[in-house]
Amino acid sequence: MKKVIVFAIIGVMLLTGCHQTKAVQYNVDPDQVFGQHYTAKDFGIWYLLDYYENQYATLVNAAMERLPEDKQTACDNQKGLQLPASDTAAFMNALREGKMPLSPNGSKLIPCWLPVSPSQEELYQFNVCYGDASGNPIFNGTQVKKCAVEKSDYTGGYEVLMQFDMKTADQWQKFTAANVHKRVGMMLGTDRLLNAPQIMCEIAGGACCISGTTEEECYAIANILNKK
């Protein structure tokens with residue numbers, strides 16, 4: 001699996017009101033940072049299977065049974081499956097050998113990985129995203145009105161603060177109210193998981209945040225979202 005330079009910090013959705021973000025262009029080339037071209041429509045917020053859900057455990061355990069014993073490991077229902085980078089390809093091959101089930105709403109499941117730590121033996125956390133009944137993300141980057149990069153006073157890391165347009169802000173508030181304590185996947189395309197935050201409460205005002213990425217990636221993401 002291609003290595004991505006992202007710190008695996010499980011982000012937390014902004015619990016405050018609307019941030020006065022600006023649509024700023026930064027001196028960073030997203031294509032250079034990510035190694036491929038993304039546009040605003042490639043950014044999406046997806047549903048995410050939680051680690052304690054039976055469907056997640058069933059998927060992981062079935063793939064693990066196809067691996068040699070020395071590659072098998074237990075799945076933590078609080079942290080999910082975590083594997084060294086060197087083992088992720090073998091796991092994905094084992095996953096593809098089985099029949100991929102559909103999501104709870106009948107759409108396609110999307111396997112993806114989130115780096116856990118930039119340690120010497122980098123660990124990756126296995127996640128499973130899915131979209132609406134048509135297989136599309138719940139929200140996408142074209143609905144972002146503006147965004148900017150700021151350094152968090154809470155974590156000390158950098159984050160992308162987004163502001164949805166007026167219509168989407170109302171949809172976002174209803175969605176977060178209906179999905180408190182559930183996680184979502186913030187992705188570029190269907191292969192680069194940026195963040196997997198938990199919704200802590202209803203979020204009004206259309207504010208949303210991407211955290212847990214490097215400073216350079218934050219600037220790159222903001223450029224992608226600000227360039228419609």
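**View 1. Strand E8 and the two directions taken by its side chains.** In this predicted model, Val-184, Met-186 and Leu-188 point one way from strand E8, whereas Gly-185 and Met-187 point the other way, and all of them are buried. In a regular strand the side chains alternate between the two faces of the sheet. Five of the five residues of E8, which covers residues 184-188, are buried, so the strand is largely enclosed by the rest of the structure.

**View 2. The partners of strand E8.** Strand E1, made up of residues 43-48, runs antiparallel to E8 and is joined to it by five bridges, and within this pairing Ile-45 has Met-186 of E8 as its bridge partner. E8 also pairs in the antiparallel sense with strand E9, residues 192-195, over three bridges, where the bridge partner of Met-187 is Leu-193 in E9. The hairpin of E8 and E9 has three residues between the strands, and in this hairpin Gly-189 takes a positive phi near 65°.

**View 3. The open sheet of E6, E7 and E10.** Three strands form this open sheet in the order E6-E7-E10, and their pairing is antiparallel. Strand E6 (144-151) and strand E10 (207-210) stand at the edges with a single partner strand each, so one side of each is left without a neighbour in the sheet. Neighbouring strands of this sheet are turned by 25° against each other on average, with direction ignored. Between strand E7, residues 158-164, and E10 there are four bridges, the two strands running antiparallel, and Gln-163 has Ala-207 in E10 as its bridge partner.

**View 4. Helices H4 and H5 against the strands.** Helix H4, residues 166-178, lies across E7 and E10 and runs at about 110° to E7. Helix H5 packs on the sheet, where it touches E6, E7 and E10, and its direction makes about 20° with that of E7.

**View 5. Helix H5 and its buried residues.** Helix H5 spans residues 215-226, and its twelve residues reach 17 Å from the first C-alpha to the last, close to the 16 Å expected at 1.5 Å a residue. Nine of these twelve residues are buried, which means that H5 is largely enclosed by the rest of the structure. The buried residues are Glu-217, Cys-218, Ala-220, Ile-221, Ala-222, Asn-223, Ile-224, Leu-225 and Asn-226, where buried stands for under 20% relative accessible area.

Notes. Residues are numbered from 1 along each chain as its sequence is written. This is a predicted model: local features need pLDDT of at least 70, side-chain atom pairs count only at pLDDT 80 or more; totals for chains, interfaces and linings use all residues. Side-chain values use heavy atoms; hydrogens and water are left out. The expected span of a helix is 1.5 Å times one less than its number of residues. Buried means under 20% relative accessible area, exposed over 50%, partly exposed in between (1.4 Å probe, protein chains only). Two strands pair if DSSP finds at least two bridges between them. Axes are lines fitted to C-alpha atoms, for helices over the stretch in contact, and angles run from 0 to 180 degrees between N-to-C directions. Contact means heavy atoms within 4.5 Å.
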